[in-house]
Amino acid sequence: MPEPLIVMGIESSCDETGVGIVRGHTLLADAIASSVDQHARWGGVVPEVASRAHLESMVPTINRACADAGIKLKDVDAIAVTGGPGLVGALLVGVAAAKALSVALDKPLYGVNHLASHVAVDTLEHGPLPEPAIAMLVSGGHSSLLHVPDLATDVHQLGATMDDAAGEAFDKIARVLGLGFPGGPQIDRIARDGDPLAIDFPRGLTSKPDLEKHRYDFSFSGLKTTVARWVEAQQRAGSHINVADVAASFQEAVVDVLTRKAIDACVTHGVEHLVIGGGVAANSRLRYVAEERATKAGIKLRVPRPGLCTDNGAMVAALGSIMVSRGVAPSNIDFGADSSLPIESVRL
């Protein structure tokens, strides 16, 4: 049996310049250059700043990935790149770099979906993905439930965020509580000292009427507003605010909704495997509750290690490798970056 081909993946959809190299399901290199510190002063990602950071970091990150993998560029058999969704200026940097490499090295090029890549990265840790599977993606820009009959060609969206994504809500509440950016890790850390039942914050889209119309959709805008108003009311009254309790209670509301809907999707569709990906999948409380509820429901849970949950080139390379192994045709060289690429378009 021939050895799997070497695939390079390039990720530049937001504030991480990622270059990953894989051989089959084996991760050879995962080089990342982050511009998060440049965005911290604004409390969120600034698209123009992110694009310029990608321009500066792309070539050094490619070189570092090759050095880490112990290969030369000519050893790469195929190239995959995030074509969307994401910030269009940031995406263009990665797409342009991948096209240049494809032409210069005469290697096939795969423009792939950022969201599907978050599912594919799990194969680098746990092996081939059982199909069908249910995937829940939770990050700063996305909260989605997916039905995945075939990760390379056939992915369907069951539900998505209707306003603020989970990661976005974490960032905004962290700002309300005077914590740093990005907010997810800050809230996760401080919530460990708080009581998740201290404050009964609302669970969006979980009432009976909501479940009839939006069974698998998510909404965290109302929760975010409720937490902010609760904090403001305490401040006006001169009351002491236990930040750890607020963080833990807010986090519990988010985690409760996410895991409840994910398990429901598995049970309803008769799917035994649940994959959780995206930056919020690194949250320790989400991982604990998901495991607890999955075990109770007889669902097998797969969650990549935290380092593979955030945006990285390894996930793009993983999806590209799956496409190569299944004989999926490469993308045409003239494809463009698509900031609103739907999940059904796994390959551009």
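Analyst: Happy to. Helices (H or I, at least four residues) and strands (E, at least two) are DSSP runs, numbered from the N terminus. By that count the protein has 13 helices and 10 strands. This is a predicted model, in which local features need pLDDT of at least 70, side-chain atom pairs count only at pLDDT 80 or more, and totals for chains, interfaces and linings use all residues. Residues are numbered from 1 along each chain as its sequence is written, and side-chain values use heavy atoms, with hydrogens and water left out.

Now to Asp164, which lies in the loop that runs between strand S8 (154-160) and helix H6 (166-176). Its relative accessibility is 8%, so Asp164 counts as buried (under 20% relative accessible area, with exposed over 50% and partly exposed in between; 1.4 Å probe, protein chains only). In the protein, buried residues make up 53% of the 348 residues.

What surrounds Asp164, once its neighbours within four places in sequence are left aside? It is in contact (heavy atoms within 4.5 Å) with Lys172, Phe220, Ser221 and Lys224. With Lys172, the side chain of Asp164 also makes a polar contact of 3.4 Å. Such a contact is a pair of N or O atoms within 3.5 Å; within protein, one must be able to donate a hydrogen and the other to accept it, and residues adjacent in sequence count only if both atoms are side-chain atoms.

Stepping back to the whole, residues 24 or more positions apart account for 74% of the protein's contacts with a separation of 6 or more.
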